[in-house]
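Here is a short report on one protein chain, written for a reader who is new to structures. Please look at the sequence and the model before reading on.

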Amino acid sequence: MNADELERRLNAHREVLTTIVAALAGKGEVDILDDLRPDTLFMNGQEDPGVLPSSAFALEQAHADEIKRIVDAARQRIERR
């Protein structure tokens, strides 16, 4: 699998997840957006934000950023309804 195909697959997964999250949150049956909120923030416990991040920190931050993108997209989708 090349990088373009991987990116297309990840984008498709993101779209499906956004649709599911928006549907659940829009019905009000599950407060999924609040449940996902802690996962959108990565706290590494360091006091000095100027310290260069390690590769582990970069991976965790990318994980949190992706969840935040999905949650934000779901919120926007709900607001457009």
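The text below goes from the overall fold to the core, then to the charged pairs and the surface.

## Overall fold

The model described here is predicted. Its chain has three helices and zero strands, and along the sequence these give the pattern α-α-α. Helix α1 covers residues 3–27, α2 covers 32–36, and α3 covers residues 55–80.

How many of the residues are buried? Of the 81 residues in the chain, 17% count as buried. The chain exposes about 6,300 Å² of area, and carbon and sulfur atoms supply 56% of that area.

The contacts of the chain can also be sorted by distance along the sequence. Among contacts with a separation of 6 or more, 70% are between residues 24 or more positions apart.

In soluble globular proteins, nonpolar side chains tend to be buried together. The largest nonpolar core of this chain has ten residues: V21, A22, A25, I32, L33, L36, I67, I70, V71 and A74. Which helices supply this core? At least two of its residues come from each of α1, α2 and α3. The largest share is that of α3, with four residues.

I70 is one of the core residues. Not counting residues up to four places away in sequence, I70 touches R14, L17, T18 and V21. V21 also belongs to the core. E15 and I70 are 55 residues apart in sequence, yet their C-alpha atoms are 8.1 Å apart in space.

## Salt bridges

Side chains of opposite charge can pair when their charged atoms come close. How many salt bridges does a search of the whole structure find? The search finds six, and the table gives three of them, including the pair E5 and R9.

| Pair | N to O distance |
|---|---|
| E5 and R9 | 3.0 Å |
| E15 and R77 | 2.6 Å |
| E66 and R69 | 3.0 Å |

The pair E5 and R9 lies within helix α1, where the two residues are four residues apart, so they are separated by about one helical turn. E5 is partly exposed at 27% relative accessibility, and R9 is partly exposed at 42%.

The pair E15 and R77 is of another kind. E15 has a relative accessible area of 42%, so E15 counts as partly exposed.

Leaving aside neighbours within four places in sequence, R77 is in contact with E15, T18, T19 and A22. A22 is one of the residues of the nonpolar core.

The pair E66 and R69 lies within helix α3. These two are three residues apart, so about one helical turn separates them. E66 counts as partly exposed at 22% relative accessibility; buried would mean under 20%. R69 is partly exposed as well, with a relative accessible area of 45%.

## The surface and the start of the chain

Nonpolar residues are found at the surface too. V16, L17, I20 and L24 form a nonpolar patch there, and together they have about 320 Å² of accessible area. I20 is in helix α1 and is partly exposed, with a relative accessible area of 43%.

Where is M1 placed? M1 is in the segment before α1. Is M1 buried or exposed? At 65% relative accessibility, M1 counts as exposed, because exposed means over 50%. Leaving aside neighbours within four places in sequence, M1 is in contact with L6 and R9. R9 is also the salt-bridge partner of E5.

Definitions and conventions:
Residues numbered from 1 in each chain as written. Predicted model: local features only at pLDDT ≥ 70, side-chain atom pairs only at ≥ 80, totals over all residues. Heavy atoms only, no water. Salt bridge = Lys/Arg side-chain N within 4 Å of Asp/Glu carboxyl O. Buried < 20%, exposed > 50% of the residue type's maximum accessible area, 1.4 Å probe, protein only. Patch = residues over 30% accessible without salt bridge, like charges linked within 9 Å, V, L, I, M, F, W, Y side chains within 5 Å. Areas by Shrake-Rupley, 256 points an atom, 1.4 Å probe, with all protein chains shown as cover. Contact = heavy atoms within 4.5 Å. Core = buried A, V, L, I, M, F, W, Y, C linked by side-chain atoms within 4.5 Å.
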